[in-house]
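Grab your viewer and work through these exercises one at a time. Try each task before you read its solution.

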Amino acid sequence: MPQLALYYYPNILGQIFLMGMEEVLGKNGMNAVLNQSRHSHLINNYPLNNLDREFHFDDISQIHAALEGIYGARSAQGLALRTGRACFKYGLHKFVSRGGPAEVEFRLLPLQAKICQGASLFADLFNKYSDQRVWVEEQEEHLLWHVDRCPICWQRQVESPTCYLLVGALQEALFWVSNGKYFNVEETLCIAKGDATCTFRIAKTPLE
């Protein structure tokens, strides 16, 4: 049988992922998830703060699956959303800001232009630093954030979209680039349920 291709996040994104989840679950909850996913070697031993691509997509997917196994699908959704938001705080914003949101020209853009550019910069983060592949499609009222190679549901089979961690990260990224506005983000397609991509529909207009 042919071997599956090996895809990775850089160590720093693995570290951010685990730190964000630990903030939401607490130390004991995080250790339980790592034990459940057979990643006890990561307890008190998170990946290093570097860009070496060594944190396997399987690791991310199995840890995410263990979260659902321990807390149940419904509770795990909320925990994964909060984890995604926490991940942005723990370092994803530093990657996005390299593309322009901190610059005067970006701050002067109209809101919808900020959202479009911010979504593209967030996609570029993963395309540049990891083996995750993302592309953005613009529609009249929405952006579609497509993931062709998704670590959150890697090699899993599910009945409904499950990549809530990325939903949370996108929500927080948009909150950041818009200076405090909330946008609806929904995963409409998921590779783990047989779709060609994991697709996230982002409203261009903020919630009231």
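**Exercise 1. Decide whether cysteine 116 is buried or exposed.**

Start with the number: cysteine 116 has a relative accessibility of 17%. Next, the cut-offs: buried means under 20% relative accessible area, exposed over 50%, and partly exposed in between, with a 1.4 Å probe and protein chains only. Cysteine 116 therefore counts as buried.

Before you go on, some housekeeping: this is a predicted model, where local features need pLDDT of at least 70 and side-chain atom pairs count only at pLDDT 80 or more, while totals for chains, interfaces and linings use all residues. Residues are numbered from 1 along each chain as its sequence is written, and side-chain values use heavy atoms, with hydrogens and water left out.

**Exercise 2. Find the angle at which α1 and α2 cross, and say which residues meet.**

Step one is to locate the helices: α1 covers residues 11–36 and α2 covers residues 57–71. Helices here are DSSP runs (H or I, at least four residues), strands are E runs of at least two, and both are numbered from the N terminus.

Step two is the geometry. The two axes come within 10 Å and cross at roughly 75 degrees. Axes are lines fitted to C-alpha atoms, for helices over the stretch in contact, with angles from 0 to 180 degrees between N-to-C directions. On the angle scale, under 35 degrees is roughly parallel, over 145 roughly antiparallel, 65 to 115 roughly perpendicular and the rest oblique. So α1 and α2 are roughly perpendicular to each other.

Step three is the contact (heavy atoms within 4.5 Å). On the α1 side the residues include Phe17, Leu18 and Met21, and they meet α2 residues including Ile60, Ile63 and Tyr71. By class, this contact has 13 nonpolar, two polar and no charged residues.

**Exercise 3. Identify the residues with the most contacts inside the largest nonpolar core.**

A nonpolar core is a set of buried Ala, Val, Leu, Ile, Met, Phe, Trp, Tyr and Cys residues joined through side-chain atoms within 4.5 Å. The largest one has 59 residues, and Leu18, Ile63, Phe122, Trp145 and Phe200 have the most contacts inside it. Elements that each supply at least two residues include α3 (73–97), β4 (142–149) and β6 (198–203). The largest share, 11 residues, comes from α1.

**Exercise 4. Check phi for arginine 38 and asparagine 179.**

Arginine 38 has phi near 65 degrees, a positive value in a residue other than glycine. Arginine 38 lies in the loop between α1 and β2 (53–56), and at 76% relative accessibility it counts as exposed.

Asparagine 179 has phi near 60 degrees, again positive in a residue other than glycine. Asparagine 179 belongs to the loop between α6 and β5 (185–189), and at 59% it is exposed.

Conventions:
Ala, Val, Leu, Ile, Met, Phe, Trp, Tyr, Cys and Pro count as nonpolar, Asp, Glu, Lys and Arg as charged, and the others, Gly among them, as polar.
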